[in-house]
Number of protein chains: 2
Amino acid sequence: MVEGVHFRLQEGWATPAEVGHRALAGALSDIAAMGAEPGEAYLALGIPADFGEERALELVRAAGRLAASTGTMIAGGDVVASPALMVSVTAIGWADSAGDLVGRDGSQPGDIVGVTGRLGASGAALAVREGRAGRSPAAEQALAHCGGLTPRLPEGRAIAAAGIHAMVDLSDGVATDAGHLGRAGGVLLEVELAQLPLAPGVAEIAQELGVPAYELAAAGGEDYELCFCAAPGDRGAVEAAVAASGRTQVTWIGVVREGGPGVLLADERGDAVQLAGWEHVF
Amino acid sequence: MVEGVHFRLQEGWATPAEVGHRALAGALSDIAAMGAEPGEAYLALGIPADFGEERALELVRAAGRLAASTGTMIAGGDVVASPALMVSVTAIGWADSAGDLVGRDGSQPGDIVGVTGRLGASGAALAVREGRAGRSPAAEQALAHCGGLTPRLPEGRAIAAAGIHAMVDLSDGVATDAGHLGRAGGVLLEVELAQLPLAPGVAEIAQELGVPAYELAAAGGEDYELCFCAAPGDRGAVEAAVAASGRTQVTWIGVVREGGPGVLLADERGDAVQLAGWEHVF
């Protein structure tokens, strides 16, 4: 993650702690999406001359807290001078056997498409930080939801163990990431936009922006939730697996068909929808 | 490694291939210094908008060639946009047991201090690239020596197996890195500057610069050789271990004493020498 590209450090934007948390969370989210156990993480920091030791430590401590809470060991790293703040995280995940891991390929026609958690808070927060939406109670809800985002590691392992076919984490948004599953599996994921679960404040901010709420949920990105394809007969097992984590629930948002390959975003009438591209920066 | 900090991309400076080679070589050199086997490496690239795909591929292919020649598997990574070119390499090393690894601590009074290879070429090359030394045959020799630098992985494992006490790789130069061994071991490494083995062209360029050749060899850095402390009785075993690699030889450059902790650089009369700081950029 690079300053000015993935995050901004100006007043009102990312704090050093958020940068440290998100950089590690993003790497661990990929491990969650394979159903793997997190192991070691390595942090390489590029620090500008004027950044200062206190803010650098704030960044590293936030990564350390997330590591501790997820059973990840920060096992090494490096610190160098850099013209812009950058954080490179390499996280290693483990499984007892390759068969325990879930890839992006494997989705089959007839599968149902699920997601964990609630979506759109990062897109809503971006609109607030850019001043396109006001500092309303809804804005505070969305910002608070973003601040609590954590990789879905136990959920990812439980979902993988429930026998699903393919999984990806939602870093760019369903509109993009579900397309990865479709292309990897040679199938079409048809996502019903009206079914997308909305994070707190997202509906209100979408209304303020004059865009459909599903746009923030599908294209806002940076949700760190999981999207997966499962046989209809495994619906109950997947729901139970995620409920056992005690942190979130599954929402079923679509079905897999022959065709594509890729994703088809459908409105309530079943018509295909093209979404605006959203910048992913915090 | 960050553009403008660790390397420059202007005409006459580093090529993309050199950047890719050196970034992986630097990480593998640390593994060599522990006597470990290289395993996986992960490359995170930050690429400026104007860098172009061809140069990015040149960089990655050079890293791939070094990986193949050292038995390293490039197992993952990432590519992001960045205001300056940056390459972050995480390399993982392996050993059958922790006891097979060598740390920086462990040097003992009475030990002898050895290095592999020949030193100073990177310092000489920097002087040439900055125009402080001319494009003489000596300059071409030094530049060619730099271009062929490769991490001392088989030598590191062989030296570790010969029972040495402590080891470090020479990324900043003996003046700095031998100090790491001294401080980690709570001892004083006394290095005889006149004993430092010089890479081709270094003596001539030092004369042209009007500085002692040992300055380039001790402070120029970026040599990717190994420096280690061994019991005098293991001298022959260590020399044989390195000779068995067929690529280089050991030079004994000093002794370990009580005191310090740190390093003492001594001239031919045994007087302590302070060296100028050298920038480490290629």
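Mentor: Let us begin with sheets: two strands pair if DSSP finds at least two bridges between them. Helices (H or I, at least four residues) and strands (E, at least two) are DSSP runs, numbered from the N terminus. This is a predicted model, in which local features need pLDDT of at least 70, side-chain atom pairs count only at pLDDT 80 or more, and totals for chains, interfaces and linings use all residues. Residues are numbered from 1 along each chain as its sequence is written, while chains are lettered from A and ligands numbered from 1 in the order in which they are written.

Trainee: In what order do the six strands of the open sheet in chain B run?

Mentor: The order is 5-7-4-8-6-9, with mixed pairing. Strand 5 (166–169) and strand 9 (262–266) of chain B are the edge strands, each pairing on one side only. Within the sheet, strand 4 (residues 112–116) and strand 8 (residues 250–257) of chain B are antiparallel and share five bridges. In strand 8 of chain B, B:Thr251 is the bridge partner of B:Val115.

Trainee: Which strands of chain B does helix 5 of chain B lie across?

Mentor: Two residues are in contact if their C-beta atoms, placed from the backbone, lie within 7 Å. Axes are lines fitted to C-alpha atoms, for helices over the stretch in contact, and angles run from 0 to 180 degrees between N-to-C directions. Helix 5 (residues 153–161) of chain B lies across strand 4, strand 5 and strand 7 (226–230) of chain B, at about 5 degrees to strand 7 of chain B.

Trainee: At what angle do helix 1 and helix 2 of chain A cross?

Mentor: The axes of helix 1 (residues 16–32) and helix 2 (residues 53–70) of chain A cross at roughly 40 degrees and come within 7 Å. Angles under 35 degrees count as roughly parallel, over 145 as roughly antiparallel, 65 to 115 as roughly perpendicular and the rest as oblique. Helix 1 and helix 2 of chain A are therefore oblique to each other.

Trainee: How are two copies of a chain related?

Mentor: The relation is a rotation about an axis and a shift along it. Copies are superposed by least squares on the C-alpha atoms of residues with pLDDT of at least 70 in both. Here a rotation of 180 degrees, with 0.0 Å of shift along its axis, superposes chain A on chain B (RMSD 0.0 Å). The two copies are thus related as by a two-fold rotation axis.

Trainee: How many residues of chain A are in contact with chain B?

Mentor: In chain A, 14 residues are in contact with 14 residues of chain B. Of the interface residues of chain A, 100% are also interface residues in chain B, so the copies meet through the same surface.
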